[in-house]
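Grab a pencil and work through the exercises below. Try each task yourself before you read its solution.

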Amino acid sequence: MALSDSDPSRRHSLIPSHLYSSSSSSSSLMVHSPSEPRNGIKMFSPSFYAACTVGGILSCGPTHTATTPLDVVKCNLQIDPVKYKSTTNGFGVIFKEQGLRGFFRGWAPTLVGYGAQGAFKYGFYEFFKKYYSDIVGPEYATKYKTLIYLAGSASSELIADVALCPFEAVKVRVQTQPGFARGLADGLPKLVRTEGVSGLYKGIGPLWGRQVPYTMMKFASYENIVEMIYKHAIPKPKDECSSSLQLGVSIVGGYMAGILCAIVSHPADNLVSFLNNAKGATVSDAVKKFGLWGLFTRGLPLRILMIGTLTGAQWGIYDSFKVFVGLPTTGGVAPAVPAVPAVPAPASAAELAKV
């Protein structure tokens with residue numbers, strides 16, 4: 001998956017060395033430049049993409065699992081608005097009927113599914129971001145950097161959702177149908193027995209509809225928000241900031257991006273929950289039940305709280321892992337427009353005569 005670092009023609013990208021400090025006087029708290037890797041990890045090498053993949057697993061699997069109680073209430077609000085009338089009411093009903101254990105239903109498919117999704121999401125984002133930058137060249141990659149972020153994140157999420165979809169289907173069933181299964185170990189084979197392998201992927205369309213816009217917003221808004229924070233709110237360049245300050249920016253930028261993600265992806269999230277809960281259900285069935293307004297608003301405040309917290313934590317964990325292995329944090333510096341070499345003026349007749 002990696003691009004060769006030895007080929008000069010492939011080194012042009014949004015994130016080459018001009019984005020980072022190369023000063024040898026940087027303290028140990030500074031994020032080192034790609035030319036000064038601490039653990040032998042070169043930018044855009046196989047080790048770089050492997051590190052980003054591991055960072056994605058660590059950032060997505062545990063964080064989604066930690067918010068399982070919020071996810072359980074949200075999914076039930078989406079599926080049965082008559083029984084679960086509000087967020088507060090939803091917590092009360094689940095606690096009364098299932099006890100504390102009910103809030104952690106589906107934690108195993110959540111951990112495995114979103115861990116796999118995070119691996120592909122972050123690893124391939126870093127790959128596609130450089131790949132598309134190389135295709136268009138440094139000038140256009142700088143001029144249209146947001147389009148690069150959008151294209152890279154969309155491409156990575158299309159792949160990541162193929163890994164997530166089966167576990168998402170099991171998770172929703174376990175969380176919204178208490179008698180369906182205890183968790184992943186018995187839920188996955190039961191779903192395959194009753195609906196076949198195709199039942200694991202019947203929600204792939206709505207899942208792409210939810211996750212692709214979400215991830216495009218997550219990465220593009222994060223990159224731009226972090227860049228604006230460093231440009232307008234911090235009075236010194238990123239490469240002069242301590243790693244703790246840079247990670248603080250990652251968390252704040254991630255939370256702000258998460259709010260936008262929740263709003264953009266919420267209608268599709270309602271559809272995913274509805275389709276995975278009812279056998280044979282269609283999108284038109286969901287629209288009839290919730291209405292267009294309901295698709296956009298049902299459970300939205302809780303989703304904003306959940307996704308904002310989740311996204312902020314994910315970027316904090318991901319960038320913390322990158323710093324731990326000696327890599328720079330994500331985003332924060334606008335790419336410099338490459339200087340166009342000056343074309344020498346043609347020599348005059350008098351000058352040629354002197355020669």
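Let's start with a definition: a residue is buried under 20% relative accessible area, exposed over 50%, and partly exposed in between, using a 1.4 Å probe and protein chains only. You're looking at a predicted model, where local features need pLDDT of at least 70, side-chain atom pairs count only at pLDDT 80 or more, and totals for chains, interfaces and linings use all residues. Residues are numbered from 1 along each chain as its sequence is written, and side-chain values use heavy atoms, with hydrogens and water left out.

**Exercise 1.** Find the class of leucine 305: buried, partly exposed or exposed?

*Solution.* Step one: locate leucine 305 in helix H11. (Helices are DSSP runs of H or I with at least four residues, numbered from the N terminus.) Step two: its relative accessibility is 43%, so leucine 305 counts as partly exposed. Step three: look across to tyrosine 255, which is 50 residues away along the chain, yet the two C-alpha atoms are separated by 9.5 Å.

**Exercise 2.** Work out what kind of aromatic pair tyrosine 49 and phenylalanine 127 make.

*Solution.* First, the rule: rings of Phe, Tyr and Trp (its six-membered ring) pair if their centres lie within 6.5 Å; planes under 30 degrees apart are stacked, over 60 edge-to-face, and the rest tilted. The structure holds 21 such pairs. Next, the centres of these two rings are 6.0 Å apart and the planes are at 75 degrees, so this pair is edge-to-face. Now place them: tyrosine 49 is in helix H1 (residues 46-66) and phenylalanine 127 in helix H4 (residues 107-136), so the pair ties together parts 78 residues apart in sequence. Both residues are buried. Finally, zoom out: they belong to one aromatic cluster, whose members include Phe44, Phe48 and Tyr132.

**Exercise 3.** Find which residues have the most contacts inside the largest nonpolar core.

*Solution.* A nonpolar core is a set of buried Ala, Val, Leu, Ile, Met, Phe, Trp, Tyr and Cys residues joined through side-chain atoms within 4.5 Å. The largest one has 30 residues, and Phe48 and Leu327 have the most contacts inside it. Then check the elements: H1, H4, helix H8 (204-232), H9 and H11 each give two or more residues. The largest share, seven residues, comes from H8.
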